[in-house]
Amino acid sequence: HIRNVAVLDNGFEERAHLSSCGSLDMFAIVKALVDNGFDGYVRPDHGRMIWGETGRAGYGLYDRALGATYLN
């Protein structure tokens, strides 16, 4: 799965999917996959429980849908 991170002096921290939210250029990463003929599957990383959603922690449908939208 795809996740943006912020590179820190002592490691990294997971961030939201948009390029502006972390240290990685998510657009360039996805573009490189497309440009090189990648034909597999990718999905956004785990999501938060938002908008009153309940369920298994890390698998919020709404936030993962937002992540998929950002990656798209």
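This briefing describes the overall make-up of the protein and then a few of its residues.

The structure is a predicted model, in which local features need pLDDT of at least 70, side-chain atom pairs count only at pLDDT 80 or more, and totals for chains, interfaces and linings use all residues. Residues are numbered from 1 along each chain as its sequence is written, and side-chain values use heavy atoms, with hydrogens and water left out. The protein contains two helices and two strands, arranged along the sequence in the pattern β-β-α-α. Here helices (H or I, at least four residues) and strands (E, at least two) are DSSP runs, numbered from the N terminus.

**Overall dimensions and surface**

- The C-alpha trace spans about 40 × 35 × 15 Å along the principal axes of the protein.
- Of the 72 residues, 22% count as buried, where buried means under 20% relative accessible area, exposed means over 50%, and partly exposed lies in between (1.4 Å probe, protein chains only).
- The protein exposes about 5,300 Å², of which carbon and sulfur atoms supply 56%; accessible areas come from the Shrake-Rupley method with a 1.4 Å probe, and for residues only the protein chains shown count as cover.
- Among contacts (heavy atoms within 4.5 Å) between residues at least 6 apart in sequence, 27% join residues at least 24 apart.
- There are 7 positive and 9 negative side chains, and the centres of the two sets lie 5 Å apart. Lys and Arg count as positive and Asp and Glu as negative, while His and the chain ends are not counted; the place of a charge is taken as NZ of Lys, CZ of Arg, CG of Asp or CD of Glu.

**The paired strands**

- Strand β1 (residues 4–8) runs antiparallel to β2 and is joined to β2 by five bridges, the rule being that two strands pair if DSSP finds at least two bridges between them.
- The two strands form a hairpin, with two residues between β1 and β2.
- Within this pairing, N4 stands opposite R15 in β2, and L8 has G11 of β2 as its bridge partner.

**The loop between β2 and α1**

- H17 is found in the loop between β2 (11–15) and α1 (26–35), and H17 counts as buried because its relative accessibility is 7%.
- Apart from neighbours within four places in sequence, H17 is in contact with I2, R3, N4, M26, P44, D45, G67, Y70 and L71.
- A polar atom of the H17 side chain lies 3.4 Å from the backbone oxygen of I2. A polar contact is a pair of N or O atoms within 3.5 Å; within protein, one must be able to donate a hydrogen and the other to accept it, and residues adjacent in sequence count only if both atoms are side-chain atoms.
- S23 lies in the loop between β2 and α1 as well, and S23 counts as partly exposed, at 43% relative accessibility.
- Not counting residues up to four places away in sequence, S23 touches N4, V5, A6 and V7, and a polar atom of the S23 side chain lies 2.8 Å from the backbone nitrogen of V7.

**The loop between α1 and α2**

- W51 has its place in the loop between α1 and α2 (61–71), and W51 is exposed, with a relative accessible area of 64%.
- Although W51 is not a glycine, W51 has a positive phi of about 55°.
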